[in-house]
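Please keep the 3D view open and find each residue as you read.

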Amino acid sequence: MRNLEIKTAVPSLGPARSRLRALSGAILHAKLQQTDWYFRVPKGRLKLRVVVGERIGELIAYVRADTKSARTSEFQRMPVADATGTRRLLDRMLGTRRCVRKRRDVWLYRNARIHLDTVEGLGTFVEIEVVVTDGMAQARALMSELRGALGIREKDLFAGSYSDMTGERE
């Protein structure tokens, strides 16, 4: 699968939340507490996501450029029945790189997911992921629409992932 994504730090999630409530067609899909365990891999990123209150985890592998603009990400997701055992195995075989804990509100708007994140030790962020379903031109147009609706400026974009910001934490 492929998506177009951006991420930006914000001083507060309140304004983004208000703007999403006012955006016709945007819906609050879920409120989650997530822990992402990142593992050492030779290419891209591999993380095991565990959601508080759910029994299964999810492996997410992705490759993308770390640029301060909308960037394309190639990704694959796979459910994991035994998240604890999988984490132990991947830690033993690959080594744990970092752990990121966050509270996330997931909003849906057409073929986009908008995440309002509070990341432990880092602060608050808005992340937009537009799933490329109808071509890159449609994805770019929707990204532009959402950036405008949320007041996100190009100069405010962050190039990496939360794991890049956390430093080495096991």
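1. **Start with Arg110.** Arg110 is exposed, because its relative accessibility is 56% and the cut-off for exposed is over 50%. Arg110 sits in the loop between strand E6 (96-109) and strand E7 (112-119). Its backbone deserves a look too. Arg110 is not a glycine, yet its phi is positive, at about 50°. Keep in mind that this is a predicted model.

2. **The overall layout.** Now step back to the whole chain. The protein has 4 helices and 8 strands. Along the sequence they come in the order β-α-β-β-β-β-α-β-β-β-α-α. The radius of gyration is 16 Å, close to the 15 Å that the globule rule gives for 170 residues, so the protein is as compact as a globular protein of that length. Its C-alpha atoms fill a box of roughly 45 × 30 × 30 Å along the principal axes.

3. Of the 170 residues, 48% are buried. The accessible surface comes to about 8,800 Å². Carbon and sulfur atoms account for 53% of that surface.

4. **Contacts and charges.** Take the contacts between residues at least 6 apart in sequence. Of these, 65% join residues at least 24 apart. The protein carries 32 positive and 20 negative charges.

5. **Strand E4 and its neighbours.** How many bridges join strand E4 (residues 57-64) to E5? There are 8, and the two strands run antiparallel. A hairpin of 6 residues links E4 to E5. E4 also pairs with strand E3 (residues 45-51), again in the antiparallel sense, over 6 bridges. The hairpin of E3 and E4 has 5 residues between the strands. In that hairpin, Gly53 takes a positive phi near 90°.

6. **Why E4 is enclosed.** Count the buried residues in E4. They number 6 of 8, so E4 is largely enclosed by the rest of the structure.

7. Follow Glu58 in both directions. Arg49 stands opposite Glu58 in E4. On the E5 side, the bridge partner of Glu58 is Pro79. Tyr62 also has a bridge partner in E5, namely Phe75. As background, side chains in a regular strand alternate between the two faces of the sheet.

8. **E5 has another partner.** Strand E5 (residues 71-80) pairs with strand E1 (residues 2-10) as well. This pairing is antiparallel and has 4 bridges. Within it, Arg2 has Glu74 of E5 as its bridge partner.

9. **Gln34.** Is Gln34 buried or exposed? Its relative accessibility is 5%, so Gln34 counts as buried; the cut-off is under 20%. Gln34 lies in strand E2 (residues 27-39). Leave aside its neighbours within four places in sequence. Gln34 then contacts Arg49, Val50 and Val51, as well as Val100, Arg101, Lys102 and Arg104. Arg49 is the residue that stands opposite Glu58.

10. **Phe125.** Phe125 belongs to strand E8 (residues 123-131). It is buried, because its relative accessibility is 1%. Beyond four places in sequence, its contacts come from several stretches of the chain. They include Lys7, Thr8, Ala9 and Val10. Now compare Phe125 with Thr67. They are 58 residues apart in sequence and 17 Å apart in space, C-alpha to C-alpha.

11. **Asp91.** Where is Asp91 found? It is in helix H2 (residues 83-93). Asp91 has a relative accessible area of 37%, so it is partly exposed. Not counting residues up to four places away in sequence, Asp91 touches Phe39 and Thr96. From Asp91 to Arg140 is 49 residues in sequence and 37 Å in space, C-alpha to C-alpha.

12. **Before you close the view.** Go back over the residues above. Gln34 and Phe125 count as buried. Asp91 is partly exposed. Arg110 is exposed.

Conventions
Residues are numbered from 1 along each chain as its sequence is written. This is a predicted model: local features need pLDDT of at least 70, side-chain atom pairs count only at pLDDT 80 or more; totals for chains, interfaces and linings use all residues. Side-chain values use heavy atoms; hydrogens and water are left out. The radius of gyration is taken over C-alpha atoms; the globule rule is 2.2 Å times the number of residues to the power 0.38. Buried means under 20% relative accessible area, exposed over 50%, partly exposed in between (1.4 Å probe, protein chains only). Contact means heavy atoms within 4.5 Å. Accessible areas come from the Shrake-Rupley method with a 1.4 Å probe; for residues, only the protein chains shown count as cover. Lys and Arg count as positive and Asp and Glu as negative; His and the chain ends are not counted. The place of a charge is taken as NZ of Lys, CZ of Arg, CG of Asp or CD of Glu. Two strands pair if DSSP finds at least two bridges between them.
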